[in-house]
Amino acid sequence: MEKILEVKNLKKYFPLGKGFMSANKGTVKAVDDVSLDVYQGETIGVVGESGCGKSTFARTVLRLHEATEGEVVFEGKNIFSLKNSEMRKVRQNMQLIFQDPYSSLNPRFTVEQIIKEPLIIHHWGDKQSRKERVIELMDIVGLSKRHLNRYPHEFSGGQRQRIGIARALALNPRLVICDEPVSALDVSIQSQILNLLRSLQQKLDLTYLFIAHDLSVVKHVSDRVAVMYLGKLVELASVDDLYVKPMHPYTQALLSAIPDPNPLKRKNKIILKGDVPSPANPPEGCRFHTRCPFAKDICKQEEPQLQIFDRNHQVACHFANKLEMQP
């Protein structure tokens, strides 16, 4: 498969500001040395607890945040080295679907104006062709052209997210980053939006980077899954391998928390002890060792690197191939 995106040793640190006597208070290591390849036509799910750096990772990949270090190579170009005029051309092929369909749409714009805005910014077509494109996009996402002159407050949450999807697809992108696109929606609507995204992927040959914290959702839409913890990538595998045989204790704890629809089926839940450490002061060694039931002395001293196991299953754990992950 064609490699469409390469993320190399990406870091994004946020300064905490200056304190008394202008001393720097430190930095928040939101994304810390993450590398990831994305192939044309696939969906990679990025999961982890709130605050683990998923959304910051996605926005840094899009260069909505300027990276502290590292490279993002999209279609053979390192986008961090591009000028603003060059970056504008690249953005046509990299789009974002936002998490909140309520705040991501301009309340003063009609549906037509919202979807047409990217076409105007990138000087796409003339006035008539833009309107035809808007109508086409509305039909693709399941909205009627009768809604053209309505405003966002006149729609339900699911309909608003369809408008956001139509806007993201306006310029025929190759890569779409979905930043928790269903987490703000009712459960009954989530499946409709997920099925729409899958249908659009097959129809338009899209590549998705799908950010989520709901692992049952990620299982439904992903080909591969990347697990993040405290700014680090700790496991990367195909969806089948990850859900059948998680090799990192953090991944197993996440999977054990997925509710089972069968009330008679008992499930051994792994309860992690303690709180997530601060990204401004992460632990030495393995960042998960303060909550890991298998932690040894080496975990407190040496940071584990991603290693490849069976079928390109990558894990950052000193004991991934030695322990049965059952505490």
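**Close-up views of a predicted model**

**View 1. Helix 5 and helix 6 cross in a right-handed way.** Keep in mind that everything you see here comes from a predicted model. Helix 5 covers residues 157-169, helix 6 covers residues 187-204, and their axes come within 10 Å of each other. The two axes cross at roughly 20°. Angles under 35 degrees count as roughly parallel, and therefore helix 5 and helix 6 get that description.

**View 2. Here are the residues where helix 5 meets helix 6.** From helix 5, look for Gly 158, Gln 161, Arg 162, Ile 165 and Leu 169. Facing them from helix 6 are Ile 189, Gln 192, Ile 193, Leu 196, Leu 197, Leu 200 and Leu 204. Sort the residues of this contact by class and you get eight nonpolar, three polar and one charged.

**View 3. Helix 3 packs against helix 4 at an angle of about 120°.** Helix 3 is residues 111-121 and helix 4 is residues 127-140, with 9 Å between their axes. That angle makes helix 3 oblique to helix 4. The crossing of this pair is right-handed. On the helix 3 side, the contact uses Val 111, Glu 112, Ile 115, Lys 116, Leu 119 and Ile 120. Helix 4 brings Arg 130, Lys 131, Arg 133, Val 134, Leu 137 and Met 138. By class, the contact of helix 3 with helix 4 has seven nonpolar residues, five charged ones and no polar ones.

**View 4. Strand 1 pairs with strand 2 over 10 bridges.** Strand 1 runs over residues 3-15, and its pairing with strand 2 is antiparallel. Then move along to Leu 10, which has Val 34 of strand 2 as its bridge partner.

**View 5. Strand 1 also pairs with strand 4, over five bridges.** This pairing is antiparallel too. To find your way around, pick out Lys 8, which stands opposite Glu 71 in strand 4.

Key. Residues are numbered from 1 along each chain as its sequence is written. This is a predicted model: local features need pLDDT of at least 70, side-chain atom pairs count only at pLDDT 80 or more; totals for chains, interfaces and linings use all residues. Side-chain values use heavy atoms; hydrogens and water are left out. Two strands pair if DSSP finds at least two bridges between them. Helices (H or I, at least four residues) and strands (E, at least two) are DSSP runs, numbered from the N terminus. Axes are lines fitted to C-alpha atoms, for helices over the stretch in contact, and angles run from 0 to 180 degrees between N-to-C directions. Angles under 35 degrees count as roughly parallel, over 145 as roughly antiparallel, 65 to 115 as roughly perpendicular and the rest as oblique. A crossing is left-handed if the near helix is turned anticlockwise from the far one by less than a right angle, and right-handed if clockwise. Contact means heavy atoms within 4.5 Å. Ala, Val, Leu, Ile, Met, Phe, Trp, Tyr, Cys and Pro count as nonpolar, Asp, Glu, Lys and Arg as charged, and the others, Gly among them, as polar.
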